[in-house]
Amino acid sequence: MAELVDYSEVFDTLTVAGLQCLYHNSGAFGFKDDAATQSVGWILREDSTIKPAARALAELVEGNEATLATRAVQVWKTVAPDSPAWVLPKSHWAYELTFGSYAWLPAALAAIGLDANELCGRNDGSGIEFAPADSAACQGFIETLLRNLAGSDFMLVLGGGKLICTIHHHKQLWWTASDISALPKRD
């Protein structure tokens, strides 16, 4: 099952990998401003909130939240098959478990073997780590996030920061990499 990764390890690992924390103590990380990055988005339906420049990077995917979660795990198995996947709140756990996602997130955490009570006091973006052998649990958790997020976003980190993905509350996945070979290919 999933394991908790302390925020200090998340922060150290991702900053060494060339990412920067975008909001104090959060799980929102991005590549440094001077990094040359490439992005691609997977969206389930047209979304008028997507700016035209970003929409040009998005692929409309047929299916549902399960389809996106399945594809995300396929990317993991392709890009970093021997590395764990991390899922982080782009805000922090105290917010998510008190306000943002309090109605459904504790049950989702219990389903992957984590106790929400251990996370609710953390005002940081500590990570949830899934080992490669736990890819089905990761897939289920990503699907649950995509189905239930209403105003918050989460982040999927693969290959120790080689590839990052925003799990967006509009039922979208937005991938970013500095190495184009790590970026999912468009269909």
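Reader: Let's start with Phe99: buried or exposed?
Author: Buried means under 20% relative accessible area, exposed means over 50%, and partly exposed is in between (1.4 Å probe, protein chains only). Phe99 comes out at a relative accessible area of 56%, so the label is exposed.

Reader: And what kind of model are we looking at?
Author: Residues are numbered from 1 along each chain as its sequence is written, and side-chain values use heavy atoms, with hydrogens and water left out. Local features need pLDDT of at least 70, side-chain atom pairs count only at pLDDT 80 or more, and totals for chains, interfaces and linings use all residues, because this model is predicted.

Reader: How many aromatic pairs does the structure hold?
Author: Rings of Phe, Tyr and Trp (its six-membered ring) pair if their centres lie within 6.5 Å; planes under 30 degrees apart count as stacked, over 60 as edge-to-face and the rest as tilted. By that rule, the number of aromatic pairs is six.

Reader: What are the distance and angle for Trp42 and Trp175, and how far apart in sequence are the parts they tie together?
Author: The two rings sit 5.4 Å centre to centre with 65° between the planes, an edge-to-face pair. Helices (H or I, at least four residues) and strands (E, at least two) are DSSP runs, numbered from the N terminus. Trp42 belongs to strand β4 (residues 38-43) and Trp175 to strand β10, so the separation of the linked parts in sequence is 133 residues.

Reader: How do the rings of Tyr95 and Phe99 sit: stacked, edge-to-face or tilted?
Author: Both residues are in helix α4 (residues 93-100), four residues apart, about one turn of the helix. Tyr95 is partly exposed, at 36% relative accessibility. Their rings are 6.0 Å apart centre to centre with 35° between the planes, and the pair is tilted.

Reader: Which residue lies over the face of Trp42?
Author: Trp42 is buried, as is Trp175. A charge sits over a ring if NZ of Lys or CZ of Arg is within 6 Å of the ring centre and within 35 degrees of the ring normal. Here, at 4.1 Å from the ring centre, the residue is Arg71.

Reader: What is the bridge partner of Ile164 in β10?
Author: Two strands pair if DSSP finds at least two bridges between them. On one side, β8 (residues 154-158) runs antiparallel to β9 over five bridges, with Val157 opposite Ile164. Six bridges join β9 to β10, also antiparallel. In β10, the partner of Ile164 is Thr176.

Reader: Which residue takes a positive phi in the hairpin of β9 and β10?
Author: In the hairpin of β8 and β9, with four residues between the strands, Gly159 has a positive phi near 60°. The hairpin of β9 and β10 has three residues between the strands, and the one with a positive phi near 65° is Lys171.

Reader: What is the bridge partner of Ala85 in β7?
Author: Strand β7 (residues 127-130) pairs antiparallel with β1 (residues 3-5) over three bridges, where Val5 stands opposite Gly127. Strand β6 (residues 85-89) also pairs antiparallel with β7 over three bridges. There, the partner of Ala85 is Phe130.
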